[in-house]
Amino acid sequence: MKESKKFLLPENEIPEAWYNVIPDMPVKPMPLLNPVTKKELQVEDLYPLLSEEASKQELNTTDRWIEIPEEVRDMYKIWRPTPLVRARGLEQVLDTPAHIYFKNESTSPVGSHKLNSAIPQAYYCKKQGITNITTETGAGQWGCALALAAKHFGLALAVYMVKVSYYQKPYRRSIMQAYGAEVIASPSMSTRPGRRMITENPNYQGSLGLAISEAVDLAHTTSNCKYTLGSVFNHVALHQTVIGLEAEKQMAMAEEYPDIVIGCFGGGSNFSGISFPFIRHNFTGERKTRFIAAEPASCPKLTRGIFHYDYGDEAGYTPLIPMCTLGHNFSPANIHAGGLRYHGAGAVVSQLKKDNLIDAVDIPQLEAFEAATVFAQSEGIIPAPESSHAIATAIREAKACKESGEKKVILFNLSGHGLIDMASYDRYFAGDLANYEVTDEEVRANIANLNIDL
């Protein structure tokens with residue numbers, strides 16, 4: 001394992017404002033729609049669902065910079081700025097002329113990037129006088145982050161965890177409970193959409209779309225309660241831009257600039273966080289960086305979905321989002337990258353993909369775990385299965401550089417570590433994991449069921 005080089009920023013270099021990419025986009029995203037009236041969503045429409053400040057940020061298309069509250073920055077200082085690392089060990093193993101860098105978001109107290117948005121969302125709820133919050137979680141990274149943030153601000157939290165991950169990843173459930181959150185396997189009997197699904201399909205192992213429906217249903221039926229979420233929505237991507245804003249300064253310290261920026265992709269939070277601060281320079285023509293979203297082959301909304309208005313959840317409670325989607329009823333295979341098992345992409349990323357300003361690749365599960373072990377052995381960090389999709393893509397690009405002789409600079413986001421995912425690694429080492437790919441017939445059939453009358 002060759003010694004890698006870290007680029008560290010001082011505490012006072014934590015960004016003072018988040019970057020809102022929408023004002024700089026060549027083509028703005030289409031508006032979100034009210035799920036009942038099908039009219040353009042107004043900020044007041046979101047107040048029953050989200051905190052007022054999160055609602056305003058969600059629909060803010062004019063302010064390029066949005067100030068980070070001082071109390072949020074004070075909490076960020078616990079682990080931010082995170083390191084940027086030159087992966088010399090990985091470069092050596094791959095024998096590539098490429099320079100590979102990764103932004104190490106696994107250094108947060110919960111081991112992932114999700115805390116970047118959990119803290120401000122909980123802060124805004126507390127500031128508004130909210131006492132209860134609800135959310136969903138796939139693999140558990142978001143649930144763990146929000147559980148910590150909720151405890152800090154004195155909020156009661158209920159987390160609907162996708163059932164397959166609830167049992168695949170029991171220690172993430174334990175972490176949420178240690179922070180004081182209530183964790184419910186989804187589908188559950190505690191909400192209307194959960195009861196309906198269990199009645200129709202008693203063996204259903206859950207999806208992020210259904211877990212969202214359950215969390216929203218509980219928020220609507222509980223006094224002084226708001227819903228919070230860890231991906232897809234614009235305000236979540238906004239909060240995550242602290243990643244890329246720090247990485248910009250750190251790449252300057254390294255005296256390099258990325259030719260390629262990569263993030264794994266579920267709903268878009270960590271990909272947006274690493275990419276948006278860099279992509280603004282493409283808009284002005286200063287740079288020609290390539291951006292790659294790495295999604296699982298079993299849930300290929302960017303690579304094989306369609307651009308269409310769709311719900312963010314299975315029950316149709318959320319606003320209609322103009323998104324790259326496989327259909328809100330899509331049930332992905334039970335892969336171990338549970339945080340990437342989501343049917344659609346956020347509005348901003350979807351518009352960028354539609355305009356060919358970003359690329360997307362789909363990574364088979366076994367390739368992701370193979371890349372994870374190569375990274376662990378060369379860099380000493382065991383990555384989360386989700387992050388391993390970004391690593392696999394970086395390895396593909398580094399190998400292409402070796403074949404072509406090009407010396408490109410590759411930057412990817414290590415969105416979290418995998419120390420709580422070792423059961424998944426055990427299955428990989430035992431040869432018990434398989435690749436899952438969606439057939440064209442399955443994609444066509446599910447998209448045909450969209451049936452959203454606008």
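Colleague: In what order do the four strands of the open, parallel sheet stand?

Modeller: Two strands pair if DSSP finds at least two bridges between them; strands (E, at least two residues) and helices (H or I, at least four) are DSSP runs, numbered from the N terminus. Here the four strands are ordered β8-β7-β6-β9, with parallel pairing. Note that this is a predicted model: local features need pLDDT of at least 70 and side-chain atom pairs count only at pLDDT 80 or more, while totals for chains, interfaces and linings use all residues. Residues are numbered from 1 along each chain as its sequence is written, and side-chain values use heavy atoms, with hydrogens and water left out.

Colleague: How many bridges join β7 to β8?

Modeller: Five, between parallel strands, with β7 covering residues 156-162.

Colleague: Which strands does helix α6 lie across?

Modeller: Contact means heavy atoms within 4.5 Å. Helix α6 (residues 141-153) lies across β6 (132-137) and β7, at about 160° to β6. Helix α8 (residues 170-178) lies across β6, β7 and β8, at about 170° to β7.

Colleague: At what angle do α5 and α6 cross?

Modeller: At roughly 35°, with the axis of α5 (residues 115-128) coming within 8 Å of that of α6. For handedness, a crossing is left-handed if the near helix is turned anticlockwise from the far one by less than a right angle, and right-handed if clockwise. This one is right-handed. In α5 the contact includes L115, I119 and Y123, and in α6 it includes W142, L146 and F153.

Colleague: How many residues of α5 are buried?

Modeller: Buried means under 20% relative accessible area, exposed over 50%, and partly exposed in between (1.4 Å probe, protein chains only). In α5, 11 of the 14 residues are buried, so the helix is largely enclosed by the rest of the structure. Among them are N116, P120 and C125. Just after α5, G129 has a positive phi of about 90°.

Colleague: Where is A333, and what does A333 contact?

Modeller: A333 is in the loop between β13 (320-325) and α15 (347-354). Its relative accessibility is 22%, so A333 counts as partly exposed. Neighbours within four places in sequence aside, A333 is in contact with S298, R341 and Y436.

Colleague: What is the strand order in the open sheet of seven?

Modeller: That sheet runs β1-β4-β5-β15-β10-β11-β14, with mixed pairing. Its edge strands, β1 (5-7) and β14 (359-363), each pair on one side only. Strands β10 (residues 260-264) and β15 (residues 409-414) run parallel, joined by three bridges; V261 stands opposite L411 in β15. Helix α17 (residues 385-404) packs on this sheet, touching β5 (99-104), β10, β11 (290-296), β14 and β15, and its direction makes about 150° with that of β10.

Note on methods: Axes fitted to C-alpha atoms, helices over the stretch in contact; angles between N-to-C directions.
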